[in-house]
Amino acid sequence: MHAIVGYLEAATDYLLLELFENERHLHTDREERIHDLTAVNKQLICNFAHEIKNPLGSIRGAVQLLEFELGARERDELREYTQVIIKESDRLQTLVDRLLESHRHPHIVGDVNIHEVCERVRAVILAEFPRGLTIERDYDVSVPDLRGDKEQLIQALLNIVRNAAKALKEHISQGDAKIELRTRIVRKVTIGKKLHKLALDLLTTDNGPGIPSEIRDRIFFPLVSGREDGSGLGLTLAQSFVHQHDGLIEVESRPGCTEFVILLPFGS
Ligand SMILES: Nc1ncnc2c1ncn2[C@@H]1O[C@H](COP(=O)(O)OP(=O)(O)OP(=O)(O)O)[C@@H](O)[C@H]1O
Ligand SMILES: [Mg+2]
């Protein structure tokens, strides 16, 4: 239990004592930690990416010059090596560009209908995974518009739903892969120390194998991936986009059920 003591304007002789279950308190602490960590992460990523970008450009430029300077015979012999440097530099460049993505895009704010966001993501994923995957929806149609950047919110949800679809590989081949998108309004939510009267709760559930336990605590960190072909940036970017909307992404996962919640406040 924890308690909050307040007073009532209408009855100044009395104190108002509110008692809360500790679980909610702990939950809020954890949310705060994630929130703070996201801000630190973002700064770190940004600085790091900038530091890599310039020398990387020089390395690529220099190796191209080197290739040019080599005589025809040496060029054929050594091309294999110079090409490795060029290809690997390009791969790193793509990675760095993605790391800087969330900072480069202007934050375009407008009224966003969250169900349009969900429908767009659903259509994209169903086009990518045309067979064996069902995406169900459970929308609360009374959810009001959010103020925000629609493209960023689409990207955030897309990264979460695409991860779910990729984790469902086996179920897709069996034809029983399922993702559900659910929207609800929640009242009185604390996100990063701030209490919001109303927030959107956008839940993505999948029936896949769950997040591998060895990376479960670190999935929002950059470059943490459980897949061979993964670069480990999808959730870092998603968290960063949601963070720019004063929101938060949370996760619960066990075999057979993984839930990602995007919490987004409606104003303050
Ligand atoms: N719904 C899910 N079910 C199981 N594992 C998941 C799920 N969502 C995320 N993960 C795990 O979290 C890891 C990190 O996800 P993230 O999107 O950050 O990176 P990635 O998908 O590996 O690479 P990228 O998105 O940059 O291509 C994934 O590699 C996967 O192992
Ligand atoms: Mg991903």
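A term to begin with: a crossing is left-handed if the near helix is turned anticlockwise from the far one by less than a right angle, and right-handed if clockwise. What you see is a predicted model, where local features need pLDDT of at least 70 and side-chain atom pairs count only at pLDDT 80 or more, while totals for chains, interfaces and linings use all residues. Residues are numbered from 1 along each chain as its sequence is written, chains are lettered from A and ligands numbered from 1 in the order in which they are written, and side-chain values use heavy atoms, with hydrogens and water left out.

Helices (H or I, at least four residues) and strands (E, at least two) are DSSP runs, numbered from the N terminus. Axes are lines fitted to C-alpha atoms, for helices over the stretch in contact, and angles run from 0 to 180 degrees between N-to-C directions.

Helix α4 (residues 150–167) packs against α3 (residues 114–128) at about 40 degrees, with the axes 9 Å apart. The two are therefore oblique to each other; under 35 degrees would count as roughly parallel, over 145 as roughly antiparallel, 65 to 115 as roughly perpendicular, and the rest is oblique. Their crossing is right-handed. Contact means heavy atoms within 4.5 Å, and among the residues making it are Val117, Val121 and Ile125 of α3 and Leu153, Leu157 and Val161 of α4.

Now α4 with α6 (residues 234–243): the axes come within 9 Å and cross at roughly 145 degrees. This crossing is left-handed. From α4, Gln152, Ala156 and Ile160 are among the residues that meet α6, where the partners include Leu237 and Phe241.

On to the sheet. Two strands pair if DSSP finds at least two bridges between them. Five strands form an open, mixed sheet in the order β4-β6-β7-β9-β8. β4 and β8 stand at the edges with a single partner strand each, so one side of each has no neighbour in the sheet. Strands β6 and β7 (residues 194–206) are antiparallel over twelve bridges, and leucine 181 has threonine 204 in β7 as its bridge partner. α6 packs on this sheet, touching β8 and β9.

Which residue forms a salt bridge with arginine 184? Aspartate 138 does, with the closest N and O atoms 3.0 Å apart; the rule asks for a side-chain nitrogen of Lys or Arg within 4 Å of a carboxyl oxygen of Asp or Glu. Arginine 184 is in β6 and aspartate 138 in β4, so the pair ties together parts 46 residues apart in sequence.
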